[in-house]
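Reader: Hi, I'm new to this one and would like a friendly walk through it. Could you put it up so we can look together?
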Amino acid sequence: MIRKVTVGRTTWNELPHKFEAGTAPIAEAVGLGAAIDYLSEIGLDAIERYERDLLDYALPKLEAAEGVRVFGPSADRRAGIVSFEVEGAHPHDVAQVLDWEGVAVRAGHHCNQPLMAKLGVPATSRASFYLYTVPEEIDRFVAGVEKARKVFS
Amino acid sequence: MSSEFDNLYREVILDHYKNPRGHGVIEGADVEAEGQNPLCGDEVSIFVSFDGDRIEDVKFRGRGCAISQASTSMLMELVKGRTAEEVAGMSKDELLDEVGIPLTPVRLKCALLGLGVLKLALHKGKGTALPEEWAGLAQDLELK
């Protein structure tokens with residue numbers, strides 16, 4: 001933001017205002033406040049418990065699926081997130097099949113190529129769960145993973 | 001999902017992915033080149049041996065998504081026996097027609113990785129021109 005502009009001279013406002021041109025992100029600030037109220041009302045402990053329940057539901061199913069390798073620690077040491085590979089199928093193809101099943105996952109090297117090299121994989125697929133995820137969606141996810149394996153292997 | 005699925009992963013794509021043609025290494029190849037798509041981690045290496053100006057044999061190895069591997073496999077069948085000059089001038093569309101599926105811009109790079117690597121191999125081996133349109137792609141695909 002400026003303090004004063006003439007044809008011959010511009011004077012900038014003092015910091016931090018000189019770097020805050022335009023309308024402040026008012027809608028975003030109000031939205032953030034509403035999100036904080038919403039999460040506080042549910043309770044962060046409750047959210048963590050629910051995430052853990054989803055993990056406890058999803059991990060055994062995924063680990064039991066044929067040709068699926070799950071990366072990462074046991075359920076008690078992770079957040080609601082699970083990276084995996086499907087035998088014979090590239091993670092981008094897995095993600096594509098899941099997408100058609102209505103399940104969105106991340107696929108790629110997750111900004112961590114050295115770890116991919118250490119794990120010996122070109123990339124992984126990664127699903128994450130949160131308070132708006134329901135168990136039926138995890139069922140659909142696991143079914144989609146099994147479908148991907150059948151198609152590509 | 002079935003129609004979308006059939007569009008992208010039609011039977012011939014899956015067949016080339018699972019049973020790639022010209023897959024392997026040519027020991028003592030006249031030239032080899034490799035490339036990867038850093039966005040996906042797709043990798044392709046191509047080996048060429050010549051009989052005069054003609055591509056006597058061509059093989060590839062690599063790993064990546066079904067589209068990148070299947071299109072490279074199809075490419076091997078398309079170019080064997082043709083002259084380096086001919087293949088250097090081959091349009092993307094000739095390969096894409098063979099692949100025969102609608103591709104998003106990201107997937108297009110997967111489909112063209114093998115062709116980019118092959119053109120580079122021919123350039124290294126026979127000094128054929130690298131078309132201008134490949135210059136940008138060559139950077140994106142980290143060809144070497």
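Author: One term before we start: two residues are in contact if their C-beta atoms, placed from the backbone, lie within 7 Å. This is a predicted model, where local features need pLDDT of at least 70, side-chain atom pairs count only at pLDDT 80 or more, and totals for chains, interfaces and linings use all residues. Residues are numbered from 1 along each chain as its sequence is written, while chains are lettered from A and ligands numbered from 1 in the order in which they are written.

Reader: Great. So what is A:Ala148 in contact with, leaving aside its neighbours within four places in sequence?
Author: Its partners are A:Val86, A:Ala89, A:Asp93, A:Val94, A:Val97 and A:Leu98. A:Ala148 and A:Val94 also belong to the residues with the most contacts inside the largest nonpolar core, which has 56 residues.

Reader: What counts as a nonpolar core?
Author: A set of buried Ala, Val, Leu, Ile, Met, Phe, Trp, Tyr and Cys residues joined through C-beta atoms within 7 Å. Buried means that 20 or more other C-beta atoms lie within 10 Å of the residue's own.

Reader: And which helix gives the most to this core?
Author: Helix H6 of chain B, residues 105–126, with 10 residues. Helices here are DSSP runs of H or I with at least four residues, strands are runs of E with at least two, and both are numbered from the N terminus.

Reader: How many residues of chain B are in contact with chain A?
Author: 13 residues of chain B, and they meet 12 residues of chain A. On that side of chain B, H1(B) has the largest share, 3 residues. By class there are 9 nonpolar, 2 polar and 2 charged residues.

Reader: New topic: which strands does S6(A) pair with?
Author: Strand S4 of chain A (81–86) is joined to S6(A) (124–128) by 4 bridges, running antiparallel. S5(A), residues 106–108, pairs with S6(A) in the antiparallel sense too, over 3 bridges. Pairing requires at least two DSSP bridges between the strands.

Reader: What stands opposite A:Phe84 in S6(A)?
Author: A:Ser125. A:Ser125 is also the bridge partner of A:Ala107.

Reader: Last one: which elements of chain B have the lowest and the highest mean pLDDT?
Author: Helix H7 of chain B (133–140) has the lowest, 61, and strand S3 of chain B (54–63) the highest, 96. pLDDT is the predictor's confidence in each residue, from 0 to 100. For chain B the mean is 88, with 90% of its residues at 70 or more.

How values were computed. Buried ≥ 20, exposed ≤ 12 C-beta atoms within 10 Å, placed from the backbone. Nonpolar A, V, L, I, M, F, W, Y, C, P; charged D, E, K, R; others polar.
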